[in-house]
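Some words used for protein structures rest on cut-offs.

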Amino acid sequence: MRTIPKYTIRQAARLVGLQPATLRAWERRYGFPRPARTASRYRLFSDADLEWIRWVRDRIAEGIPARQAVWLAARRRATGVPALSGATPAPEVLREELLTNLLAFDEPRAAATLWRATVALGSEGAVRHVLLPAVATLGEQWEAGRATVSQEHFASQFAARHLATLLLGTPPAGPRAVLACAPGERHELGLMYLAVALRQRGWTVLYLGADTPAESLLDTVQRVRPRAVVVAGLVVDLAALWEPYRPRCLAAVRRGVLWVWGGPAAAAPEASRLPGRLAPTLEEALRILEDATRARVRAG
């Protein structure tokens, strides 16, 4: 069986093309690999151990630092993703593969992985279950000091380009929605995904993007008379930013505009003072807008 310990460290090193000292150094520094030990404390490696060692070795050869390669391997093992993936890709397999590609700055492989995800899950499913979680995980690693600024920026730009392509590739058709990030909010990938999802559900989306001034958004709403407005905030204080404009927002809501405050900032208690609906998650925002579409159809 693959998990039976049977190779000494010298045998294992020879089979994976590394030096025994390298395996000892990885174990000492990163806690990887974790071979079985005999009663005399000699290391014994299984075939499964060798598969993971080869996987880490290959990621390092692609340019990923050893510590990150070991971390990626641990994530894959914890989520049940094998070192040698099968022919039918599951979302978690594709997500970990994309994360690996992004950390290695390997755009061609990242694009190929995302295409495989699109074939398997559809364009919206690939974004929701593979692209956004991979980029979010890389962002968390950057915040923890385990990924570089360059890696985080590369991943974000890769995702933004893909989402922009999807957005441009879906023609507008139905009711109009205006989507914008709150003033000072630069994180827009979630809002871009919502724009794509709405386009694919028949909405005409006017996407204003990151860091949209409140005055400018309100002028746009006055001019284009949308059915819905979504203002997204992740790290900003929506209530404090929009309190001076509350009367104008309320007037729009009274005219029949469905105003949605989206993102984690909408979960803050202070956000309940804002007129409109609160949607701290993408799923909630999409549900609110889909309900509005169904109500419009029923009304004829």
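What follows is a set of questions and answers about this predicted model.

Q: Why is Ile 288 called buried?
A: Buried means under 20% relative accessible area. Ile 288 has 4% relative accessibility, so Ile 288 counts as buried. The residue sits in helix H12.

Q: Which residues does Ile 288 touch, leaving out those up to four places away in sequence?
A: Ile 288 touches Leu 258, Val 260, Arg 277, Leu 278 and Ala 279. Contact here means heavy atoms within 4.5 Å.

Q: How far apart are Ile 288 and Gly 190, in sequence and in space?
A: Ile 288 and Gly 190 are separated by 98 residues in sequence and by 16 Å in space, C-alpha to C-alpha.

Q: What makes Thr 137 a buried residue?
A: The limit for buried is under 20%. Thr 137 has 10% relative accessibility and therefore counts as buried. Thr 137 belongs to helix H6. Its contacts, apart from neighbours within four places in sequence, are Trp 71, Arg 75 and Leu 99.

Q: How many disulfides does the structure hold?
A: The structure holds 0 disulfides. Cys 181 is in no disulfide, and the nearest cysteine sulfur, that of Cys 249, is 16 Å away.

Q: Why is Cys 249 too far from Cys 181 for a bond?
A: A disulfide is a covalent bond between the sulfur atoms of two cysteines. To count as one, the two sulfur atoms must lie within 2.5 Å. The sulfur of Cys 249 is 16 Å from the closest cysteine sulfur, in Cys 181, and is therefore too far for a bond.

Q: Are Cys 181 and Cys 249 buried or exposed?
A: Buried requires under 20%, exposed over 50%. Cys 181 has 1% relative accessibility, so Cys 181 counts as buried. Cys 249 has 0% and so counts as buried too.

Q: Which residues of helix H2 are buried, and what covers them?
A: In H2, residues 20–30, the buried residues are Pro 20, Leu 23, Ala 25, Trp 26 and Glu 27. Their cover includes helix H1 (9–16), strand S1 (36–37), strand S2 (43–44) and helix H3 (47–61). After H2 comes Gly 31, with a positive phi near 70 degrees.

Q: What is the volume of the largest pocket, and how many residues line it?
A: The volume is about 1,100 Å³. The lining has 34 residues, of which His 187, Glu 188, Leu 189, Gly 190 and Leu 234 lie nearest the centre of the pocket. To count as lining, a residue needs an atom within 4 Å of a pocket point.

Q: Which element supplies the largest share of that lining, and how do its residues divide by type?
A: The largest share, 9 residues, comes from H6. The lining divides into 18 nonpolar, 9 polar and 7 charged residues.

Technical notes
Residues numbered from 1 in each chain as written. Predicted model: local features only at pLDDT ≥ 70, side-chain atom pairs only at ≥ 80, totals over all residues. Heavy atoms only, no water. 1 Å grid on protein atoms, 1.4 Å probe; cavity = no way out; pocket = protein on both sides within 12 Å on 5 of 7 lines; lining within 4 Å. Points joined across faces, edges and corners; volume = space filled by probe spheres on them. Helix = DSSP H or I, 4+ residues; strand = E, 2+ residues; numbered from the N terminus. Nonpolar A, V, L, I, M, F, W, Y, C, P; charged D, E, K, R; others polar. Buried < 20%, exposed > 50% of the residue type's maximum accessible area, 1.4 Å probe, protein only.
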